[in-house]
Every structure is written in C-alpha cells, then in structure tokens.
Amino acid sequence: MSDKSIIVIGAGIAGLSAGCYGRMNGYQVQIFEQDTLPGGLCTSWERNGYTINGGLGFLGGSGPLVKMHLIWRELGVVPKIRMIDYEYFVIVEGDEGKRFLLYTDVDRLERHMKELAPEDEKVIDEFISAVRVFTRYHLPFEKAQELYTPWDTLKLLCSHFSLIRALGKWKKISIKEFAQRFTNPFLREAFIQLRALFSEDLPMVMLLMFFAWSHLKSAGYPEGGALRFAQAIEDRFIGLGGKIEYRARVDKILVENHRAVGVRLDDGQEHRCDFVISAADGRTTIFDMLAGKYLNNKIRGLYDTLPLAPPVLLVALGISREFLDIPHCGVGIIYPLKEPVTMGGIEMKSLRPMVYNFDPTLAPAGKTFLRVVFPANYTYWERFKENPDAYRAEKDKVAETVIELLEQRFPGISSHVEMRDVATPLTFERYTSNREGTIIGWDVTTRTAFKRIPKTLPGLRNFWMAGQWVELGGGIPMVALSGRNVIQLIAKADS
Ligand SMILES: Cc1cc2nc3c(=O)[nH]c(=O)nc-3n(C[C@H](O)[C@H](O)[C@H](O)COP(=O)(O)OP(=O)(O)OC[C@H]3O[C@@H](n4cnc5c(N)ncnc54)[C@H](O)[C@@H]3O)c2cc1C
C-alpha cells in the first residue's frame, strides 16, 4: 500500500476509472469535478417524469464473452446493472418497404444480406469473414501498451497475427469506399449510412469490431442509461475510500521544479498531491491549466492538425404511448425522408430515431422515451452564444421539425409528444468543457485510426492524461481503459 496521493481532474468515465484503479492500487485519490454529477458526457437528465439518456447507446464489453468485460466487473458496473442485448445493430429502411436488417448475430446477418443482394455474394463473404476474424480475438487490455517490452510485442504479434493483419487492412478502407463494392444500389446506399454520427472517412475496422462485439453479445445497453452507469462507478470509487468534490473547477495545475504538485480551483483553493491526472478536455489541460508550457512539436502538431469528431444535436422526446412493434436496435432505425431537410445548418436525407422501448425505467408506465441524435455544425450554433432568446427559438424549431419528420415514419406520433428537450453542441460544451462540444474527442478516420497520443507531456514530471483526448475516437470502454492504464504507469514510475 502506498501513502501517496493522486488528484484527478474530471469525474467522467476516465476520471472515475482512474480513481477506482488508483484506490485499488493503494493511493489516496481525490477527484475534482466542475459539474454536480459524475459521468461527464456519459450522462442523463430528468424532464417531466422521463429520464433522458443523453449518452451511451451501447457498451463495448457488456457481456462476458469479451475479455474486457472484466473492467466492468472491476469498476462495479457488473453485476449491479442489467445488460440488455440488441437483436439488431440498426435497421435501414428504403423506399417500397425495403429493409436492411443488421442482425447482431453474424450468421443471421450473412443469410439476410445474401437474400437481399445475391449478386453481391463475394463482397458479403469478404465482409462477414472479416467480422468473424474479429470475433476470434480478444483485444489485449491487461497491460498498458506503454509498458510493453520487446518480448511482449513479439508475443502479441505471434498470438494475434491474423487480427493485426486484419486491423492493418481494414483501418485503411472507409465504410464509404467499401460500400461502393456492392452492386445492389439499396445495399450500397444503406451501408454508407452505417457510419451514423461519424465523419465520411470512418474506417471499416470500427464497424467490424462493433459487429464482432455485438455477435459476442458484448455491445449491449446498460439498463437505466448513462447516468446510472456512471453512478455505479462513482459508488465503487466511494466504496473503495475515494473522495470526490463536485462544483470544483480546476483552473490551474500547480507545478514546482517541473513536477506537478497539485491543483488550484477557481475559488482560489489549492490542493497538493504526489501525482496529477487530468481526465478533462485536452486543450484546456495543456494550454490553459498548464499555460502551454509543456509542449513539443509532436503535441503542438497533434492539436494543430488532428480533426475533431463532429458534434451532435440530441432531440429527446417523451411519448405517451408504447411501441411494442419496434424491434430493439443498438443505433436505431434509419428511414429516408420524403424531402431533404436542413436542421441546425446540416442537410438531412434520413432520420435515425432510437426508440427506448426496451428500457421501461426511462419513462412512466405505458409511455416511451425516444431520442434522435444527428451530426451538428458547431459554427452554426456558436453564434447563438450571446443570444439566449434566439438560441431557445432555434432549439424549438429543431424539435418541431424532428416531430414533423417522425410523423412520416410513425403517423400520429405528434399528438403523443408530452416532453421535448434539445441538447446542442453548446450544451455538451457548457457541461463538460469538451472543445466544440465534441462527444468523442478526435475524429477516427482512415488516416488517424489507432494513432497513439502521449499520456504525458514533455518536461513535466508526475503528470498524466487520461480519457478521450489521449484515446483517439474516445468511447466508454477506451476511456475506462485509459484510466486503468494511467494508474499502471503511475505505479511503475512510483516503484
Ligand atoms: C449522445 C452521446 C452518445 C454516446 N454514445 C456512446 C456509446 O454508445 N458508446 C460509447 O462507448 N461511447 C458513447 N459516447 C461517447 C462517450 O460518452 C465519451 O467518449 C466518453 O464518455 C468520454 O469520457 P471522458 O471521461 O474521456 O470525458 P468526459 O466525459 O468529457 O469527462 C470529462 C470530465 O471532466 C470535467 N471537467 C472538465 N474540465 C474540468 C475542470 N477544469 N475542472 C474539473 N472538472 C472538469 C467535465 O465536467 C467532465 O465531467 C456517447 C456520447 C454522447 C454525448
């Protein structure tokens, strides 16, 4: 057991995870969080008797067939929270009743795709066999990659050869490029839409990994939604003896002799410690809390050139009826709009509602929570920062438009809408301080996938970073792993 102390900035999933593993490794841990609740982007909020699940649609490692599941046990999520498996990843609907059913079971998916487009058998075989490769391997997570010895790397190369080859191949091909290989026009168009919220250049490898996890019943949904999930980890942290302070915004990381020694809060209070972990926005950490003093060309270059993932608009609706006939989909149902519509500066040709009829805890009995999340344009919303009335009016307009568009798929729905709420990039930015309100940090593209981002800064000792700004593409499993890894790095440096 160590008598040393760690301060963690931010109680998002990365910060909470670092806190838990810090305690498991015997450190005194204090988390400072600017908000009033844990979770950061992994959050929910209440409106008129509904719980708006404002994050977390699916959780990598939700089931025991994927080794990373262990993390959710260690962090107190499992068995506390029931995981719900989806039957479909998504359903893409087309004209004249066409439907591409993306079963999470890969054998059913293969059969369905071949029925839908027998002429594309070869491309379907290539896709399905790639998914199967990903189902055969567990991504190694036990040890932080920064701690790998040459021997560890060699062992990994030998034991995971097919996986590494597949990663190399599929990270260079975007979903959009791969879709062009289908001759069936419906399948081709439907496939492109699978990138959902991500940029056009999203690599196939992300989709393959997701399908592999789904097939292994390990990309499910934690009942109760995002905040309940975060609170389970907060409970674990407090149960382990960790301390957490809310409404505590860190302004500055204290440094003496190029060693991080504590933090200063915005009310002027100073707190000292042996190690500091920032699990907050990367740019704020490096350029504000540390005043840009610990940089080299590599880090400056990353912040100058890496693209941010597109931010989103989230329209949440409380519907006073059940949707018993709607299948359970991890990402929702995509249907084409009769006419393209521009909302928040983005042209939409389809809509992707997610009907939470599988989670009764989010709505009063006999009613349903429904959300639509789609890409947004930060610059469009930025101009409303100084004009709250215009901002509210614009949000109302978006909600109205979404309800009208839902009528095309669910006739009569508008008369059942009894709660509506809209979150914009400004909402995510205000509550979490993430740059431009991005929800996963850096964008994953065929050029950036698997790029390693340093967790330390040049010339600064006793300081680490965790979370989506050091794990490209973010996501709950990766940021939780990041918190775990950072504690391993501290323990090693401290030994
Ligand atoms: C709508 C939506 C859907 C999503 N769906 C999924 C999904 O289905 N699956 C998935 O894996 N991922 C999903 N994500 C992405 C995932 O939620 C994020 O990648 C992840 O939660 C990021 O965690 P983090 O801890 O790195 O950062 P954050 O959640 O941003 O946490 C950072 C914390 O630091 C705090 N902070 C910032 N500055 C300071 C300061 N100066 N002082 C003190 N505290 C500070 C913030 O308030 C925040 O709590 C989704 C996100 C959203 C919004």
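**Salt bridges, a domain interface and a nonpolar patch**

Me: What links D107, E110, K114, D125 and R132?
Reply: These five residues are joined in a network of salt bridges. Keep in mind that this is a predicted model. The structure holds 27 salt bridges.

Me: Why is the pair of K455 and E146 called a salt bridge?
Reply: The rule asks for a side-chain nitrogen of Lys or Arg within 4 Å of a carboxyl oxygen of Asp or Glu. The closest N and O atoms of K455 and E146 are 3.0 Å apart, so the pair meets the rule. The two residues are 309 residues apart, with K455 in the loop between helix 15 and strand 21, and E146 in the loop between helix 4 and helix 5.

Me: Is K455 buried or exposed, and why?
Reply: Buried means under 20% relative accessible area. K455 has 7%, so K455 counts as buried.

Me: What shows that domain 1 and domain 2 are in contact?
Reply: Contact means heavy atoms within 4.5 Å, and 20 residues of domain 1 are in contact with 19 residues of domain 2. Together the two domains bury about 1800 Å², 67% of it on carbon and sulfur atoms. K67, T446 and F450 supply 32% of the area that domain 1 buries against domain 2, more than any other three residues. The rule also finds three salt bridges across this interface.

Me: Which residues make the nonpolar surface patch, and what lets L157 belong to it?
Reply: The patch of about 390 Å² is made by W151, L154, L157 and I164. A patch residue needs over 30% relative accessible area. L157 has 42%, so L157 passes that cut-off and counts as partly exposed. L157 lies in helix 5, and helix 5 gives the most to the patch, with three residues.

Terms used. Residues are numbered from 1 along each chain as its sequence is written. This is a predicted model: local features need pLDDT of at least 70, side-chain atom pairs count only at pLDDT 80 or more; totals for chains, interfaces and linings use all residues. Side-chain values use heavy atoms; hydrogens and water are left out. Patches are made of residues with over 30% relative accessible area and no salt bridge: like charges are joined within 9 Å, nonpolar side chains (Val, Leu, Ile, Met, Phe, Trp, Tyr) within 5 Å. Accessible areas come from the Shrake-Rupley method with a 1.4 Å probe; for residues, only the protein chains shown count as cover. Helices (H or I, at least four residues) and strands (E, at least two) are DSSP runs, numbered from the N terminus. Buried means under 20% relative accessible area, exposed over 50%, partly exposed in between (1.4 Å probe, protein chains only). Buried area is the accessible area (1.4 Å probe) that two parts lose on being put together, summed over both.
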